[in-house]
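Here are my notes for you on this structure. Keep the 3D view open while you read, and click on each residue as it comes up.

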Amino acid sequence: IKAEAYKGLTAEFAREVGATFLLRGLRNTTDFEYENTIAQANRHINPELETVFLITSPALAAISSTIIREIHRFGGNVDDFIPFRISEFGDIPAQ
């Protein structure tokens with residue numbers, strides 16, 4: 001398993017790097033509806049690409065990554081919302 005940054009369509013990037021699976025996290029049924037639509041579009045673009053959905057831990061299900069990024073951006077402590085300490089990765093800019 002490898003995480004990489006890229007620009008462009010996910011399905012095309014997956015084809016370029018030979019990836020055949022995407023892991024996507026789901027917090028609730030709203031996420032499922034949204035992610036399922038994306039998975040279907042990705043599969044249309046790249047028929048070899050399979051999306052695997054992972055259900056999040058209940059402790060983390062109620063908050064969105066957008067909210068966590070916003071808290072971090074304005075200097076708030078996000079340690080309780082993520083499974084690792086940001087400090088473990090050095091200086092990560094709050095974008």
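Predicted model: local features only at pLDDT ≥ 70, side-chain atom pairs only at ≥ 80, totals over all residues.

1. The values I quote are all computed from it.

2. How many cavities of 30 Å³ or more does the structure hold? There is one, and the volume of this largest cavity is about 30 Å³. Its lining is made up of Leu22, Arg24, Glu35, Ile38, Ala39, Asn42, Thr51 and Phe53.

3. The elements giving two or more residues to the lining of the largest cavity are β1 (21-26), α2 (29-45) and β2 (50-55). Which of them gives the most? That would be α2, with four residues. If you sort by class instead, the lining of the largest cavity has four nonpolar residues, two polar ones and two charged ones.

4. Thr51 deserves a look of its own, as one of the residues that line the largest cavity. You'll find Thr51 in strand β2. Is Thr51 buried or exposed? With a relative accessible area of 15%, Thr51 falls under the 20% cut-off, so we call it buried. Leaving aside residues up to four places away in sequence, Thr51 touches Leu22, Arg24 and Ala39. Leu22, Arg24 and Ala39 are also on the list of residues lining the largest cavity.

5. Next, the open space. The largest pocket has a volume of about 940 Å³. It has 21 lining residues, and those nearest its centre are Lys2, Ala3, Glu4, Leu22 and Leu23.

6. Where does the pocket lining come from? At least two residues each are supplied by α1 (10-17), β1 and α2. The largest share is from β1, with five residues. By class, the lining of the largest pocket divides into 14 nonpolar, three polar and four charged residues.

7. On to the rings: searching the whole structure turns up two aromatic pairs. One of them is Tyr6 with Phe13, and this pair is stacked because the ring centres are 4.4 Å apart and the planes sit at 10 degrees. Tyr6 is partly exposed, at 34% relative accessible area, whereas Phe13 is buried, at 17%.

8. Why does the pair of Phe32 and Phe53 count as edge-to-face? Their ring centres are 5.7 Å apart and their planes are at 70 degrees, and planes over 60 degrees apart get that label. This pair links distant parts of the chain, with Phe32 in helix α2 and Phe53 in strand β2, 21 residues apart. Phe32 is partly exposed, with 35% relative accessible area, and Phe53 is partly exposed too, at 26%.

9. Last stop: Asn28, in the loop between β1 and α2. Asn28 counts as partly exposed, with 35% relative accessibility. Its side chain reaches the backbone nitrogen of Thr30 at 3.0 Å. Have a look at Ala62 as well: Asn28 and Ala62 are 34 residues apart along the chain, and their C-alpha atoms are separated by 8.6 Å.

How values were computed. Residues numbered from 1 in each chain as written. Heavy atoms only, no water. 1 Å grid on protein atoms, 1.4 Å probe; cavity = no way out; pocket = protein on both sides within 12 Å on 5 of 7 lines; lining within 4 Å. Points joined across faces, edges and corners; volume = space filled by probe spheres on them. Nonpolar A, V, L, I, M, F, W, Y, C, P; charged D, E, K, R; others polar. Phe/Tyr/Trp six-rings, centres within 6.5 Å; stacked < 30°, edge-to-face > 60°. Buried < 20%, exposed > 50% of the residue type's maximum accessible area, 1.4 Å probe, protein only. Contact = heavy atoms within 4.5 Å. Polar contact = N/O pair within 3.5 Å; in protein donor to acceptor, adjacent residues only side chain to side chain.
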